[in-house]
Amino acid sequence: MIIDSHQHFWKYEPVKHAWIDDNMAVIRKDFMPSDLQSVYQDNGVDGCVAVQADQTLEETDFLLQLAQDNNFIKGVVGWVDLRADNLEATLEKYSEADKLKGFRHVVQGEPDHNFLLRPNFLRGIEVLEKNNYTYDILIFPHQLGAALEFVKRFPNMNFVIDHIAKPYVKDGFYEGWAVLMKEIAKYDNVYCKLSGMITEADYNTWTPEQIHPYMELVLEAFGSNRIMFGSDWPVCLVAGNYAKVKELTTNFISTLSAEEQQQIMGANAMKFYKL
């Protein structure tokens, strides 16, 4: 079974989605399950995990409703304010939502490089762990140092790094990112998504060969049992199409065993998110 571990839905609103700049104008529109279902049929994908793109409880509710109405949405990574005093009560309201698998905060957008290590955020992660949720780590490379200390504190929490921590592929920067990714990968409870890579390269001129060194490092560090394919649809459309994104991963892993390919293309996501 092929599971896309990372994609988004939205009803486009210029203010809410202000991060979609002029260079990304192609995705300034609605993207809903009916749009994705046809893409999956064309590309042989069986299901997905829908990930938050807006930091509101309304976003979590929106994704859960879509998951309830569309069986191919196997799980949801929502948002809650992990720093809030009423976090326990908020999670209690979602206790019956079987498709709610975990949460994410857009840490890449936080000006504080050590946001992940602040006491109120750490308390929130403790609550997530107690309630058996996962946490998606969305960061830029300059936040990897904090992320390393962060994952050390929670050896029993299931973490996944989104978009291989967004290395600066366009600039060709590699070494600093690579050193810290290798360190983080030493913690067996941390997974990594092979997602969001083409949008870290030049939208118009990227090549698979340019991205392969980053993928090789991730495969070597995490192993085939802790990495998972993700499309980052519809964001990926600013730099390509779904077929190209999927092929980037399937071609890269084509020399691995059939079992390893199955792990990366679906089994690991199913295990991590308990789909």
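Visitor: What do β2, helix α2 and β3 make together?

Guide: In this predicted model, β2, helix α2 (residues 57–69) and β3 make a right-handed β-α-β unit, where right-handed means that, with the strands pointing away from the viewer, the path from the first strand over the helix to the second runs clockwise. Helices (H or I, at least four residues) and strands (E, at least two) are DSSP runs, numbered from the N terminus. Residues are numbered from 1 along each chain as its sequence is written, and local features need pLDDT of at least 70.

Visitor: And how many bridges join β2 to β3?

Guide: Four bridges link β2 with strand β3 (residues 73–78), and the two run parallel; strands pair if DSSP finds at least two bridges between them. Val-49 has Gly-75 in β3 as its bridge partner.

Visitor: Which way do the residues of β2 point?

Guide: Gly-47, Val-49 and Val-51 point one way from β2, while Cys-48 and Ala-50 point the other way, and all are buried, meaning under 20% relative accessible area with a 1.4 Å probe and protein chains only. In a regular strand the side chains alternate between the two faces of the sheet.

Visitor: What about β1, how is it joined to β2?

Guide: Three bridges join strand β1 (residues 3–7) to β2, and these also run parallel, with Gln-7 standing opposite Ala-50 in β2. β1, helix α1 (residues 33–43) and β2 make a right-handed β-α-β unit.

Visitor: New topic: which helix gives the most to the lining of the largest cavity?

Guide: That is helix α8 (residues 242–252), with three residues; lining residues have an atom within 4 Å of a point on a 1 Å grid, and a cavity is a set of such points where a 1.4 Å probe fits but cannot get out.

How values were computed
Predicted model: local features only at pLDDT ≥ 70, side-chain atom pairs only at ≥ 80, totals over all residues. Heavy atoms only, no water. Buried < 20%, exposed > 50% of the residue type's maximum accessible area, 1.4 Å probe, protein only.
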